[in-house]
Each structure stands twice: as structure tokens, then as C-alpha cells.
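This briefing covers selected features of the structure shown below, grouped by topic.

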Amino acid sequence: MVPITWYLVLSAVLFTIGVAAFIFKRNIITIFMSIELMLNAVNLSFVAFANMWKDLSGHIFVFFVMVVAAAEAAVGLAIIIAVFRTRQTLNVDRVNLLKL
Amino acid sequence: MIHQVLFIIFGGICVAGALNLLLQKHPISSALSLIVVMGSLAALYLLLGAQFVAAIQVIVYAGAIMVLFVFVIMLLNAGKEEHTKGSRIAMWFGVPSVAALLGMVLFILLQRGKVDYQIELGAFARPTREVAILLFRDYLLPFEVTSVLILVAIMGAVVLARKEQ
Amino acid sequence: MNVNLHLWLIPLLPLLGALINGALGRRLSKTAVTAVALTSTAASFALALWVAFQFSALSQIPYVESHGPWIQITGFSVDFAFLLDQLSLVMLLVVTGVGFLIHIYSAGYMADDDGYYRFFSYLNLFMFFMLMLVLANNYLLMFVGWEGVGLASYLLIGFYFLKHSASQAGKKAFIVNRIGDFGFLLGMFLLVKHFGSLDYSVIFDRILRNPSQFPVETGAGLLTLVSFCLMIGATGKSAQIPLYVWLPDAMEGPTPVSALIHAATMVTAGIYMVARSNVIFNHAPMALTTVAVIGALTAIFAASIGIVQTDIKRVLAYSTISQLGYMFMACGVAAYSAAIFHLMTHAFFKALLFLSAGSVIHALGGEQDMRYMGGLRKYIPVTFWVMTIGTLAIAGIPGLAGFFSKDEILWKAYSSSDNGWIFWAIGLITALMTSFYMFRLLFMTFFGERREAPHAHDSGHGHGGHGHGAPHESPWIMLAPLVLLAIGSVAGGWVGIPHSLGGDNHFEKFLAPVFEQGRLEAVDMAKIERPTKFAIAEAASDTKPEASTELTLTFISVLAGLTGLFWAWYLYVRRPELPGRIAARLGNLYPTVLNKYYIDEVYQQSLVDPIVDGSRTILWKGVDVGVVDGAVNGAGTTARSTWAILRQMQSGNIRSYAGWVAFGAALLVAYMIWMGLR
């Protein structure tokens, strides 16, 4: 018998690792992937709670999260391609033209 | 009992994959680790009785989004990460923030948020049917709107990634 | 039945004239400007005459015309209301009549000036404010007029504003007036606090109807305090000691201004105010005595300075101060109608004297120093004759206006109390001096040989010299008002011929309703501090009010006037070399008097310089630059340094943004947890 807390802890850990990756990695694409990791962690939370309250709205929400994540990934990767074309680098430290 | 074992196995694979994503230098390795994470998450969804979600996790996330990532990595010929000077702020503020975040959430979950609910394996009877009813009846508007969203995203991606003429 | 007098039109028409000339005057032709200015004043005068004719038909005197509320709060309310009673009618006629004549004169005098339209705009503005002052129903509206005439005076004194001394004089007049106004304001505040209203009728009725609450105060008390405050205001506006210093400097303005404002009308505002407040003053004998003492001292002090002045306008200025001292003294012995009588006759002959002096100056192309005049009788005969009439009037020669009014004052002063003879004596000496210096002026200007100035062909004093040849008579537009004023100087006194000389004293009877209501049976005058160094032996034998005493005193004052004439004639026509020798023999006394007893210098050193220095070091450098600027600049500097810190966040480095985002997220989560745990 698995208490729900375990799932929630797992979700938190995954999320934290996602945040850490977001801060520490230098490749833009990797940073993007860490965002997907974070979204997935949240999805896990939703599904766990859907199980607890016997409410399928959690699943619906996960569905929508995935749709949005897909759209976001598509557009984001397109932007990355555009950035790569102009700056010829995928290193996020080099994309620093917006400084004051 | 088997539930716990399965949970520990798949949960462990998730965490291992996530850590791998963090620690690998080459982006393609990170991408593959992420696929592993998504796969084990699908298994966890099954344990939670969310068959539909597990299915679309595999189809959409692992099968489409991650493939897209891999394609882009291949397209851009991303190599190993080079070591550039990072940001001090990220070090000074980021590390404590991450630690604090984890600490706080765990504190809440374990100390104060004690819920005595045990996950039921077969919580939903025919979840897919129920999800479909909900999606096309109660949540019809968001459904349609997300269709439009996807359309817009497609157009945006095409425009942004187009080669300059 | 009560006819609507439309009093509001009387001040309003000059205001319209002022606005039109002020806004459009630069583009209008000189004729148009003159027409606007003269028409508005003439209309005011005509209306005033009509009101005078309607006066006896009024069913209720005082006649009050209200134009709606002005301030209405609990505990205090005041309306835009005008009041017409005998006193204000007299003032109204004097102001509009003499004002109109001076407007006509100015059309000729200022004809060559570039600021023609500006002059008439200011002059009309002055008329508006003065009429508001005179017609007001309450102290607040009077104060509006009071301040307004101060403003008009400043504008007109500094009319030749490019001349440094003129602008300085304008400032001095305004600032010294302000000191007086401070006293006036304090008086008004006290009245508001204790009476809840500033309406004359409300205050005076309450005082008269509650004798137990408002007794005649022997020492200090509420009404004495109010009277002192009001008196300070009057000393400022009417140029009494200690606030007279602005009036001689005010001669920097054009001569018609000196005639209208600083002789006939504005300076009399203080006298009018005291006369209007007679109910309050009658209940405060200590204040009344102070008024009388100040008036007497001012009269003799100013006369002494006038004896030695060489600028023709300065002599007349000090003469004005001295005559105002007479009026003040008359108020101080509760002889208010005598004061107003002298105010009226003084308006006539002082305006006449100033305007004739202006005519002399005009004839000489701008020369004002009497040492460089002389023998002008044959060149400007009309001016000579009207000026002679004016001089005779002011000297108190029998038959002319000044004689009746001045003697009225002297008699009332003498008969006011046991110590009244002191005031009478001071007044007598002053009368002698007045006669002396006025005839000195006359003789130096018109008799003897023509003394040309070394710089005779200089235009000087901004008057625009023309006629460098022989002095020429003024145009008729300037002479006609002079003649009319001369007639007034002669006949103006005939309305107040006292009983002792066979007349009926219509003037005093006319004004009686205004002043009788507050008259006390016996005014107990406090001891006078000034030592009696002017004890004249011939006077004070008989203190019982009798016709014979009055006649004796009249005879003595006429004698004084004639003595002054004789001495002036002797020293300036017969033996003109004597004055110089006498002055040399008097050693230091002569320069002291010539320099106005150095009062201006004393004020400068003791009051003005410390204030200026204090303002400069403390208020300017300390407060304004340090505190105020410091606060504002400090706010700017603080903002800038904060920005310098905050801009580090905008580094362009994406990873640092990521760090900030994580930090923010952690904070948010912490906050939510904290809120949840509470």
C-alpha cells in the first residue's frame, strides 16, 4: 500500500531536479528539456490527486498540460533554431545582447 | 506489496533519469534520459489507474515532443557543452533557492501534510470513457481553444524557423 | 420707499476701464485710452452725485446693498455688501470728484509718456479699490480695498520702473504698508473671534447694546487691543509715526499719482477707518490717547523736516504727513467729524498744490529742486495764482477752506479735556511751521530772480523735457482741474463754519448720526508722556467751552499763520542770503533735519539689514538650499543609487535570470507556506 505522500515526494524531487538543471546547464536545448521535466513532475502530482479525490478532472488537466507543452516545445525549438542561425551558438551564456 | 515494489522501481528509474539529465554533458544524452523518465512516468500513471494519461504520455510526450527535441539536436549539430563563465547570481541565489524549495516542499509534505490515503490501484472503472465524456461535454470549450492554440503554434514555428529568403 | 442705488456700479466702472486699458491699451490710440479712462471715472462721479441727490430720499440710513454671500462658515459669515451713510457719502464724493479732476489733469501731464495706457489702467484700478474700501459694509471688504490701494500705489510709485530709485520706493511703500496691514489683520481676527462677524453694524450694535459686556475700558481690554491693532494699520496706510517713511520716497511716482494717492485719497484711508470704527475707539480711551499723541507728534515732526527740504515734492510730502497728523490727532480726541472735515478740505488744497507743483515741473521741463527755481511768476501766472490759493488754504488764512477745518481741529483738541491744551499747543506750532514752509515754497518758486540749474537743459526725472527755452504755461487740460480745485479750496470750508463765527456747522450736523451714537460724555485721557516743552503762555487760561474762548484761539492761530508768512517773506524775498547763514550757524542741527533725522538710516540698520541678512543666511542658504533642495535632490540621488543597484539584475545573462526566477519562486512558496501555517 503506497500512501499518496510518496507520489507527491517523487513529484517534488523531480521538479527540483528540473529547476537545478534549468539553472546549471549551458545548452539551450537542455534547459528546454528541463522545463519539460518540470511539467511532467507536475503532471504526476495531478494524476495522484485525481486518484485521491476520484475526480477525473485531474486527467483532463494533464491532457491540456501536455497539449500546451507540445505547442510550447514546437515554438520554442523554432526560436532556438532562429537564434542558432544568427548567433551560431547554443551556449546560453553567449546569448547576452539584452544587457543594460 | 507489489504496488510498493513497482513504485520503488519506476520511481527510482525516474529519479535516476532526471539526475542523468542534469549530469550529462552532451545534450543528446540528456534527451535520451528524459525519454527514460517519461517512460517510467507512464508506468507510474498506470499504477495510479490513469490508463488514458499513460497512453498519451507515451504517444505525445515521449513519442512526439522528445522526437522533436532529438531532431533539433541533430539539425543543429549540438556538440558537447563548452565550459563558459557562468553567472554568479545563479550560484549565489540559485543553489540556496533550489535547496530551499526542496526543503520547504518536503517539510510540508512530510510534516504537516500527512494524508492517510492509500492509492487504490483500480480507482477508476473505464477511465477513458469518462475522460472522453468530460472532455467533449464539460470541457468542450477549452478543448476547442487548445486546437486553435496548436494551430497557432504550428504557424509560429513555421514562421520562426523558416530560412531567410 | 427705498430706491435701488446700484452702488455696485460705482466701483465697477473704473474696474472695467482698468481692464480694458490694461488688456487692450497697447493697441488703442491715445485718444481711445483717454476716453475709456475718463469716461469710467466721470460715470462714477456722476453716479456718486446722483446718489448724493437721492440721499435724503432714502428711507433707511445706513443703506445697505448686499450682493450675495462671500464666506459662510459656522461662527463667521461675511457678504459682498455695500454700505452708504453720511460718512461714506462724503468720502465717496471726495474720492470720485477729486479723482476725476486728477484723471483729466493726467491726460495732459502724461501725454508724452510711453506708458500712457498703463498709467491710466493703474489709476482706474486704484479708483476701483478705493471705492471698494469706502463703500464696504464690513471690515473684510474694506481690507480688500485696503490691500488693493496698496497694490495700486506700488504699481504707480514704481511707474518709471526702469529707474532704480523708483522701484525701490515702490517696494518700500508696499512693505511698510504690509507691516501696518499686519496690525489690521490682527484686529480683524480679534473681531471675528469675539463677534463672529466683520459687519460694521453687527459689531457696533452689539457693543452699544451691551454696555455691561463692553464697558468703556480704563486700561487694557478687548476693545483696546482691537483698537491698537487697527491703529497700527492706520499708521501704516496714513503715514504716521513710525510707519511714515514710505511717503516721502513715494514722490518718485508721477505727480498726479502723488496728488491722488498720497494726498487726497489713499492716505486718508486710515483716517476713514478710524472714523468708521469710532464706536470701538470710543470704548478704548487709552487707544484714543495714543492715536492723538501719535498724530500730534507726527504733525510737528514732519513739519520740522519740511522746513528745510529743497525738492518741491518732498516739501509737499512732509506737509501731507503733517496734515494727516492733524487728522489723526482729531480722531484721537474723538472729534471725528472735524477729522473728516479736514480730510475733505485737505483733499482739495493738497491735490491742488501737488498738481500745481506738477505744472511747475512741467513748465521747467522736469526740474524739481526749488533752489533752481525762482521768478516764475511772470512765466506761469495761472499756476502761480492757483498755487497761491492753495498755500493760503493750507496755511489757515481766514476765509479759505483750511482755516475752518484746521481751527475746528485745534478747538476740539483744546476743549477735549484738561490736558487738551498740550495738543492745541503742538498743533499751533505745527500750523506756524506749515505756514512758514508753504510760503517758503511759494516764494522760492515764484518770486525773486530766476536761478537756472547748472544742468538746466537736462530732461531729468523721466518727465521728458520739452521747452528748453523759457518756462511755459501748461495746457488748459491741466489748468482747468487746477482752477476747479482752487474753487474747492476756497469754498470747501464754508459747509463747516462753526457757531462761534456765525455759521451753522452743517458739516458736523450732517455727520452727526454716524459719530453721535458712540460719543461718550467724558473722555478720560491718560497722562501724556511727552514733556511739555511747547508751553505757550498765551493759551490755556479759560478751559470752559465758550464761544469767546474759541474765538480767542482762532485769533491766535491766524496770528501764527501770518507770522509764518512774514518770516517766509523776510527770509526768502527780502533777505534771501539769510537762510544760508542761519543754517551754517546752527551747526549739526541743520544737516540732521535735512536728512530727516536719519530715521531711514536707523530703520535700515536696525530692522532691514538684520532681516535681509537673516533671510539670506538662515532662510535661503539654510532652509531653502539645504532642506528643501536637499530633500528634492536627495530623492533623486537615492533613486539613482537604487537604480544603480537594481540594474545589476538586468545583466543580459540568461542564467542569472534563471537564478533570480528560482529565487523568486522559492520566496513565493515560502510565503504561501507561511500564510498556510498561520
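C:Ala338 lies in helix 15 of chain C, which spans residues 336-363. The model is predicted. C:Ala338 counts as buried because 31 C-beta neighbours fall inside 10 Å, and the cut-off for burial is 20 or more.

**Surroundings of C:Ala338**

- Leaving out residues up to four places away in sequence, C:Ala338 touches C:Ala330, C:Glu408, C:Ile409 and C:Lys412.

- Helix 4 of chain C covers residues 116-135, a run of 20 residues.
- From its first C-alpha to its last, helix 4 of chain C reaches 29 Å, close to the 28 Å expected at 1.5 Å a residue.
- Helix 4 of chain C is mostly covered, with 20 of its 20 residues buried.
- Helix 6 of chain C covers residues 164-195 and has 32 residues.
- The span of helix 6 of chain C from first to last C-alpha is 46 Å, close to the expected 46 Å at 1.5 Å a residue.
- The buried residues of helix 6 of chain C are C:Ala166, C:Ala169, C:Gly170, C:Lys172, C:Ala173, C:Val176, C:Asn177, C:Gly180, C:Phe184, C:Gly187, C:Met188 and C:Leu191.
- An α-helix has 3.6 residues a turn, so residues three or four places apart point the same way.
- The cover over the buried residues of helix 6 of chain C includes helix 5 (139-157), helix 7 (200-209), helix 8 (222-237) and helix 9 (246-249) of chain C.

**Helix 2 against helix 3 in chain C**

- Helix 2 (residues 30-54) and helix 3 (residues 86-109) of chain C pack with their axes 9 Å apart, at an angle of about 155 degrees.
- That angle makes helix 2 of chain C roughly antiparallel to helix 3 of chain C, because angles over 145 degrees count as such.
- The crossing of helix 2 of chain C past helix 3 of chain C is left-handed.
- From helix 2 of chain C, the contact is made by C:Thr34, C:Ala37, C:Leu38, C:Thr41, C:Ala42, C:Ser44, C:Phe45, C:Ala48 and C:Ala52.
- From helix 3 of chain C, the contact residues are C:Leu89, C:Leu92, C:Leu93, C:Thr96, C:Gly97, C:Gly99, C:Phe100, C:His103, C:Ile104 and C:Ala107.
- By class, the residues of the contact of helix 2 with helix 3 of chain C are 12 nonpolar, 7 polar and no charged.

**Helix 2 against helix 3 in chain B**

- In chain B, the axes of helix 2 (residues 27-47) and helix 3 (residues 51-76) come within 8 Å and cross at roughly 175 degrees.
- Helix 2 of chain B is therefore roughly antiparallel to helix 3 of chain B.
- Residues from helix 2 of chain B in this contact include B:Ala31, B:Leu34, B:Ile35, B:Met38 and B:Leu41.
- Those from helix 3 of chain B include B:Val58, B:Tyr61, B:Ala62, B:Met66 and B:Phe69.
- The contact of helix 2 with helix 3 of chain B has 19 nonpolar, 3 polar and no charged residues.

**Chains A and B as a whole**

- Chain A has 3 helices and 0 strands, and its elements run α-α-α from the N terminus on.
- Of the 100 residues in chain A, 61% are buried.
- In chain A, 48% of the contacts between residues at least 6 apart in sequence join residues at least 24 apart.
- Chain B has 6 helices and 0 strands.
- Of the 165 residues in chain B, 28% are buried.
- Among contacts in chain B with a separation of 6 or more, 59% are between residues 24 or more positions apart.

**Interfaces of chain B**

- In the interface with chain A, 72 residues of chain B are in contact with 59 residues of chain A.
- Helix 1 (2-23), helix 2, helix 3, helix 4 (88-112), helix 5 (127-138) and helix 6 (140-161) of chain B each supply at least two residues of the side that touches chain A.
- Helix 3 of chain B gives the largest share of that side, 12 residues.
- The side of chain B that touches chain A divides into 56 nonpolar, 11 polar and 5 charged residues.
- With chain C, 12 residues of chain B are in contact with 13 residues of chain C.
- The side of chain B that touches chain C has 8 nonpolar, 4 polar and no charged residues.

Technical notes. Residues are numbered from 1 along each chain as its sequence is written. Chains are lettered from A and ligands numbered from 1 in the order in which they are written. This is a predicted model: local features need pLDDT of at least 70, side-chain atom pairs count only at pLDDT 80 or more; totals for chains, interfaces and linings use all residues. Two residues are in contact if their C-beta atoms, placed from the backbone, lie within 7 Å. Ala, Val, Leu, Ile, Met, Phe, Trp, Tyr, Cys and Pro count as nonpolar, Asp, Glu, Lys and Arg as charged, and the others, Gly among them, as polar. Axes are lines fitted to C-alpha atoms, for helices over the stretch in contact, and angles run from 0 to 180 degrees between N-to-C directions. Helices (H or I, at least four residues) and strands (E, at least two) are DSSP runs, numbered from the N terminus. Angles under 35 degrees count as roughly parallel, over 145 as roughly antiparallel, 65 to 115 as roughly perpendicular and the rest as oblique. A crossing is left-handed if the near helix is turned anticlockwise from the far one by less than a right angle, and right-handed if clockwise. The expected span of a helix is 1.5 Å times one less than its number of residues. A residue is buried if 20 or more other C-beta atoms lie within 10 Å of its own, exposed if 12 or fewer, and partly exposed in between; C-beta atoms are placed from the backbone.
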